[in-house]
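Keep the structure open beside you as you read.

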Amino acid sequence: MRFPIFLCCAALVLMSCSEDAEAVEETPGPTTSDTPRVLVFTKTSGFDHNTRDESEAMVRQIAASQGFEVVVDNEGSAFETAENLNAFQVIFFTNTSGNTLTQNQRDNVEAYAAQGGHFISNHAASDGYGHSSASTVNGNGKGVWDWYAENVTGCSVRNAPNHTAANFPAEVNVQNNTTALVMGMAFPWNDEEEWYYWEGGYLNPQFQELLRVANTGNQSFDQARMTAHYWELPDGGLSFYTSMGHAKNKYEDPQFVQLIANAFEFMLEWDSLQRSSYNDTNIVLDFFEVIHQRFFADNHRSGSGSVQ
């Protein structure tokens, strides 16, 4: 999937009709260049899923298809300055459980988000910095950084128990098929995963549920629940989280790879649109939104956009 020519042309037509619209000076944000950059962060101080190599290989496969550069950080050094983070269009927190960043590094993440930066996160990323309101959560940085659970993952996994058994078979269905996030995927998706529980944890209601796993048992926390969601952040960036990604072989699963690939492409195209010098012209943005949604819905129905 590439940014639709008709979308760009339509915007230019509207802009030409608004001769009095003035371009605004934008606050410097994540660097834009011919080659977008993605930061893959894998550090953990909690349970270590040991999926670093697999997640990196998956992202590099996606990067080869979409044309972005990949930088991998296993220790947190990339977070030392806000300027360094702003060199990346997307930050991917993959299985990053526990308290992994210093106060300065956490501040830099928030500054990055304030400039319109994007976040992808998966599985144990919700087992770090548990929200202070999560009644069952203990340790792993609980209450240290509520902003993270509210804005990056949108959730904190419950504790004791945290999840089903590993490789538990369950059906996943799409809850919102109007976005590019489900393009090229087939539903229902019969999958095996370590399905996370949210009862007694935390869910930010601002996030839009994308995927839902069916009932996984007879306990109240086993009821059908979110397994992927997303949100447009207040400062213009996007956050996407999925609870999938426990096992090493997950990162070779075509459906899972397609889901993550869709998240990257959605964000990189959104980034291009949001950084238009005409983003103070409401009529143009409204038109973009209508065409944007129609384009994504049409592509979902056609089943195009799969990763090779």
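## Exercise 1: A threonine in a loop

Thr136 has a relative accessibility of 19%, so it counts as buried, since the cut-off for buried is under 20%. Keep in mind that this is a predicted model.

**Task.** Where is the place of Thr136, and which residues does Thr136 touch, not counting those up to four places away in sequence?

**Solution.** 
- Step 1: Find the loop between strand S4 (118-122) and helix H5 (146-153); Thr136 sits there.
- Step 2: List the partners. Beyond four places in sequence, Thr136 touches Arg158, Asn159, Glu199, Gly200 and Gly201.
- Step 3: Look at the polar atoms of the Thr136 side chain. One lies 3.0 Å from the backbone nitrogen of Asn159. The backbone oxygen of Gly200 is 2.9 Å from a polar atom of this side chain.

## Exercise 2: Aromatic rings

**Task.** How many aromatic pairs does a search of the whole structure find, and is the pair of Phe119 and Trp147 stacked or edge-to-face?

**Solution.** 
- Step 1: The search finds 19 aromatic pairs.
- Step 2: For Phe119 and Trp147, the centres are 6.3 Å apart and the angle between the planes is 80°. Planes over 60 degrees apart count as edge-to-face, and that is the label for this pair.
- Step 3: Phe119 belongs to strand S4 and Trp147 to helix H5, so their pair ties together parts 28 residues apart in sequence.
- Step 4: Check burial. Phe119 has a relative accessible area of 0% and is buried; Trp147, at 19%, counts as buried too.
- Step 5: Tyr129 and Trp145 are both in the loop between S4 and H5, so the pair ties together parts 16 residues apart in sequence. Both residues are buried.

## Exercise 3: Strand S1

**Task.** In which sense do S1 and strand S2 (residues 69-73) pair?

**Solution.** 
- Step 1: S1 and S2 pair in the parallel sense, over five bridges.
- Step 2: Find Phe41, which stands opposite Asp73 in S2.
- Step 3: Count the buried residues. Four of the five residues of S1 are buried, so the strand is largely enclosed by the rest of the structure.

## Exercise 4: The nonpolar cores

**Task.** Which residues of the largest nonpolar core touch the most other members?

**Solution.** 
- Step 1: Start from a general idea: in soluble globular proteins, nonpolar side chains tend to be buried together.
- Step 2: The largest core has 40 residues, and Met58, Phe68, Leu210, Leu211, Phe240 and Phe264 touch the most other members.
- Step 3: See where the core comes from. Among the elements that each supply at least two residues are strand S1 (37-41), helix H2 (52-66) and helix H6 (254-274). H6 gives the largest share, 11 residues.
- Step 4: Zoom in on Met58. Leaving aside neighbours within four places in sequence, Met58 contacts Phe92, Tyr251, Phe256, Val257 and Ile260.
- Step 5: Find the second, separate core. This core has 30 residues, including Leu101, Tyr148, Val157 and Phe207.

Definitions and conventions
Residues are numbered from 1 along each chain as its sequence is written. This is a predicted model: local features need pLDDT of at least 70, side-chain atom pairs count only at pLDDT 80 or more; totals for chains, interfaces and linings use all residues. Side-chain values use heavy atoms; hydrogens and water are left out. A nonpolar core is a set of buried Ala, Val, Leu, Ile, Met, Phe, Trp, Tyr and Cys residues joined through side-chain atoms within 4.5 Å. Buried means under 20% relative accessible area, exposed over 50%, partly exposed in between (1.4 Å probe, protein chains only). Contact means heavy atoms within 4.5 Å. A polar contact is a pair of N or O atoms within 3.5 Å; within protein, one must be able to donate a hydrogen and the other to accept it, and residues adjacent in sequence count only if both atoms are side-chain atoms. Rings of Phe, Tyr and Trp (its six-membered ring) pair if their centres lie within 6.5 Å; planes under 30 degrees apart count as stacked, over 60 as edge-to-face and the rest as tilted. Two strands pair if DSSP finds at least two bridges between them.
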